[in-house]
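Please walk through the packing and the sheet of the structure shown below.

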Amino acid sequence: SDNSETSAGDNTLKALLRMLGRLKAARKPNEILQGLLQSLLQAFPTAQRGYIGTMQGEELISRAVTFRGPSQHNVVPVSRQLAKMAIRDRKAIMFRDALHTTNLNPDESISQYDIRSVMCVPFYDEEGAPLGIIQLDSPIPGDQFREEDLRLLANLAPQAAFVLTFDQLQQQAVAKREIDSDLEVARRVQESLMPAEPPSIESYEFYAFDRAARLLGGDFYTYIPMPDGRLAIILADVAGKGIAAALYVARLSGELRHLVRSGESPSAVANLLNDSFVTDAEQRFVTLILIVLDPMTHELTVVNAGHWDPVLRTKKGKLVNLTGDERGLPIGILENQVYQSFQHKLQPGDSVVIFTDGFVDAEDEEEEQYGDERLYERLKLPADSAAELGQNVVTSVLDHLGSAKQADDLSLVCLRLVGK
């Protein structure tokens, strides 16, 4: 029923928030993963057992195991066949009765542990390489997971990747020197969520600038290659700053990657993302621009969720608002939102610029804002590359700031179709 699905969603989001709280308090990743599994068993009443494993070469290494009842010594309730299938096919899988399904050859573990209803979800690092899997199952006949359960678990699984990335970067830092603080490690984790370099696509140039107002910021941008050859370009601004905003950035990154790579349309991605965030207990919202670029046809599909309007700069310097007056609400404000998408075909020499409100709101020593008029005037200046166009704005805003304290995060992304 709708009420039961809403309850499951609420339980899962509460499980996520409990895990994020543990991340701030715990230091050992295995403790965090164990706590995550325990929270998942609370969120999914069907689940009787939980397992998290990570890949070491071709081997699956156990990182956390939990049971609803008494602990079962020397029992690792995981089907390596299901794990390999999920990692190979790069998708979350579910069987209502793995022991008796005709789509599987019941392996020793499925039979030995009487695995019936089961969900197995892979998670990946920022380069798309498989890190491991989360598996929840039940040996009780008749207890069955639902598609809604699978979708919610798939949205939550990237948080395990965040924990493991945090661990890897922490180990690297300790190997080189004594780390100054967990905040510094968290900053590096947040940087790892951003692209290390721009995409390499024939006939296109990319430029990006990001500078947080604090050690940890709430702005986020990324490029996500899609299976059909298109490219998703995302710029988001999470309300707030510091650790809480940074944790939401990590969650946002994981959910966006899952939704975009699953083949959903840009509008559907925004709709599903809003459904996930709107029931959040902390009521934190996100403004977002999602652009999907087809480099073969040069067509753009754009969705605006409460963000500053994306700007098209034509070859002759004319500025065009790509989403008109249809600026949707930020993600996480109201439920059941339907976000509109807009299409535009780029011409040679055209550029697209997206930016966060930190640019417009930047104040100098006299508390005078930079403003949108100055920003648009800078975008009209001649520019022979995406980098020159972006730097025209960045340099001007930093000059305006002068010695004043930067109050908000600054993030900007430019793309340009090369040609005359």
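Leaving out neighbours within four places in sequence, Leu346 is in contact (heavy atoms within 4.5 Å) with Tyr204, Leu293, His298, Leu300, Leu312, Val352, Leu415 and Leu417. The model is predicted, with local features needing pLDDT of at least 70 and side-chain atom pairs counting only at pLDDT 80 or more, while totals for chains, interfaces and linings use all residues. Residues are numbered from 1 along each chain as its sequence is written, and side-chain values use heavy atoms, without hydrogens and water.

Leu346 belongs to the largest nonpolar core, which has 48 residues. Such a core is a set of buried Ala, Val, Leu, Ile, Met, Phe, Trp, Tyr and Cys residues joined through side-chain atoms within 4.5 Å; buried means under 20% relative accessible area, with a 1.4 Å probe and protein chains only. Ile233, Leu252 and Leu346 touch the most other members. A second, separate core of 29 residues includes Leu33, Val121, Leu136 and Ala154.

An open antiparallel sheet has five strands in the order E7-E8-E9-E10-E13. Strands (E, at least two residues) and helices (H or I, at least four) are DSSP runs, numbered from the N terminus, and two strands pair if DSSP finds at least two bridges between them. E7 (219-225) and E13 (341-345) stand at the edges with a single partner strand each, so one side of each lacks a neighbour in the sheet. E7 pairs with E8 (residues 231-238) over seven bridges, and Asp219 stands opposite Asp237 in E8. Helix H9 (residues 266-278) packs on the sheet, touching E9 (286-294), E10 (299-305) and E13. The direction of H9 makes about 155° with that of E9, where axes are lines fitted to C-alpha atoms, for helices over the stretch in contact, and angles run from 0 to 180 degrees between N-to-C directions.

Technical notes. Buried < 20%, exposed > 50% of the residue type's maximum accessible area, 1.4 Å probe, protein only.
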